[in-house]
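Please view the sequence and the model first, and then read the notes grouped by topic.

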Amino acid sequence: MGVNPDCCGEGYGQQMTKTACEISKELFGTKPLYLEVRTWNKRAVSCYQKAGFVIKGEPIRQTTSAGEGVFYHMVQENK
């Protein structure tokens with residue numbers, strides 16, 4: 001999921017994250033939510049933290065369709 005850089009800082013990331021979490025809860029109930037985000041993406045990390053996600057463990061290196069990178073594993077804390 002991503003926000004066009006021209007639209008960053010306008011709350012779209014928060015809206016998208018909230019909607020994704022709501023849909024996940026409808027589909028999967030109480031299963032824990034987690035995500036991975038590139039460590040350099042400070043805006044996204046902040047957005048996810050505002051939605052209740054916390055960084056767990058050390059950053060991990062992995063390869064995706066967009067190339068290799070270093071990622072944080074983030075888990076949503078119970079609300």
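The notes below cover the overall fold, the surface, the paired side chains and a few single residues.

The structure is a predicted model. The protein contains two helices and three strands, and along the sequence these elements follow the pattern α-β-α-β-β. With a radius of gyration of 13 Å, close to the 12 Å that the globule rule gives for 79 residues, the protein is as compact as a globular protein of that length.

**Overall dimensions and packing**

- Taken along the principal axes, the box filled by the C-alpha atoms is roughly 30 × 30 × 20 Å.
- Of the 79 residues in the protein, 27% are buried.

**Surface**

- The protein exposes about 5,900 Å², and carbon and sulfur atoms supply 52% of that area.
- A nonpolar patch on the surface is formed by Ile23, Leu27 and Phe28. Together these residues have about 320 Å² of accessible area.
- Phe28, one of the patch residues, belongs to helix α1, which covers residues 12-28.
- The relative accessible area of Phe28 is 49%, so this residue is classed as partly exposed; the class of exposed residues begins over 50%.

**Aromatic pair**

- A pair of aromatic rings is described by the distance of the centres and the angle of the planes.
- The protein has one aromatic pair. Tyr48 and Phe53 form this pair, with 6.2 Å from centre to centre and 65° between the planes.
- The arrangement of Tyr48 and Phe53 is edge-to-face, because an angle over 60 degrees between the planes counts as such.
- Tyr48 has a relative accessibility of 12% and therefore counts as buried. Phe53, at 5% relative accessibility, also counts as buried. The cut-off behind both assignments is a relative accessible area under 20%.

**Salt bridge**

- Side chains of opposite charge can pair when their charged atoms come close.
- One salt bridge is present in the structure. Its partners are Arg61 and Glu68, whose closest N and O atoms are 3.1 Å apart.
- Arg61 and Glu68 are both exposed.

**The segment before α1**

- Pro5 lies in the segment before α1. Its relative accessibility is 66%, so Pro5 counts as exposed.
- Pro5 and Pro32 are 27 residues apart along the chain, and 29 Å separates their C-alpha atoms.
- Cys8 is also found in the segment before α1. At 31% relative accessibility, Cys8 counts as partly exposed.
- Cys8 and Ala44 are 36 residues apart along the chain, and the distance between their C-alpha atoms is 9.6 Å.
- When residues up to four places away in sequence are set aside, Cys8 touches Val3 and Arg43.

- The model is predicted, and its fold follows the order α-β-α-β-β.
- The aromatic pair joins Tyr48 and Phe53, of which Tyr48 is buried and Phe53 is buried.
- The salt bridge joins Arg61 and Glu68, both of which are exposed.
- The nonpolar surface patch consists of Ile23, Leu27 and Phe28.

Key: Residues numbered from 1 in each chain as written. Predicted model: local features only at pLDDT ≥ 70, side-chain atom pairs only at ≥ 80, totals over all residues. Heavy atoms only, no water. Patch = residues over 30% accessible without salt bridge, like charges linked within 9 Å, V, L, I, M, F, W, Y side chains within 5 Å. Areas by Shrake-Rupley, 256 points an atom, 1.4 Å probe, with all protein chains shown as cover. Salt bridge = Lys/Arg side-chain N within 4 Å of Asp/Glu carboxyl O. Helix = DSSP H or I, 4+ residues; strand = E, 2+ residues; numbered from the N terminus. Buried < 20%, exposed > 50% of the residue type's maximum accessible area, 1.4 Å probe, protein only. Rg over C-alpha atoms; globule rule 2.2 N^0.38 Å. Phe/Tyr/Trp six-rings, centres within 6.5 Å; stacked < 30°, edge-to-face > 60°. Contact = heavy atoms within 4.5 Å.
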